[in-house]
Amino acid sequence: MSIEINNESGVGVDEESLVALATHVLAEMGINPLAELSIVVIDEDAMAELHEKWMGEPGPTDVLAFPMDELRPGGGARGDSESPADPALLGDVVLCPQVAARQAEEAGHATADELELLCTHGILHLLGYDHAEPEEHKEMFGLQSQLLESWQEVRNPR
């Protein structure tokens, strides 16, 4: 996997951990090892601009995902059981650590844990998952939980 991370937020984040998490998530999802992903960490003002421009909503948000290649059955980064997946430029996951820090405090866990959750969430969006409908929400958030649990097992083996 080629995973590039760019921290433009002015806030220190554990970049190595985010890259390791992203590598884990993509591997668990069966993504072609030649696929490329970009993680961008930005401040609240920059996130507010993107949120307004692309989602039409005011203020900063926690994560945005900008897919690059169209993922389709039998092609793109995820193949089907009969044909291998092609390498793909997956896109960008954009994170805002200031918003993540507030959410982490509300949830009672560390900001790093919130950033890992948000990064996983963004990657799933790049892979075509959504949560607009109840069935989609159940599938995406269930998968997100499974991926984060497996990441914890890798990170903290017993």
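Author: Helix α3 passes helix α4 in a right-handed crossing, a term used when the near helix is turned clockwise from the far one by less than a right angle, anticlockwise being left-handed. The model is predicted, so local features need pLDDT of at least 70 and side-chain atom pairs count only at pLDDT 80 or more, while totals for chains, interfaces and linings use all residues. Residues are numbered from 1 along each chain as its sequence is written, and side-chain values use heavy atoms, with hydrogens and water left out.

Helices here are DSSP runs of H or I with at least four residues, strands are runs of E with at least two, and both are numbered from the N terminus. Two packed helices are described by the angle between their axes and the distance between the axes. For α3 (residues 97-107) and α4 (residues 111-126), the angle is about 115 degrees and the axes lie 8 Å apart. Axes are lines fitted to C-alpha atoms, for helices over the stretch in contact, and angles run from 0 to 180 degrees between N-to-C directions. The two helices α3 and α4 are therefore roughly perpendicular to each other, the word for angles of 65 to 115 degrees.

On the side of α3, the contact (heavy atoms within 4.5 Å) is made by P97, A100, A101, Q103 and A104; α4 contributes T111, E114, L115 and L118. Of these contact residues, 6 are nonpolar, 2 polar and 1 charged. Ala, Val, Leu, Ile, Met, Phe, Trp, Tyr, Cys and Pro count as nonpolar, Asp, Glu, Lys and Arg as charged, and the others, Gly among them, as polar.

Elsewhere, an open sheet of 4 strands has the order β1-β2-β4-β3, with mixed pairing; two strands pair if DSSP finds at least two bridges between them. Strands β3 and β4 (residues 89-95) pair in the antiparallel sense over 5 bridges.

Key
Angles under 35 degrees count as roughly parallel, over 145 as roughly antiparallel, 65 to 115 as roughly perpendicular and the rest as oblique.
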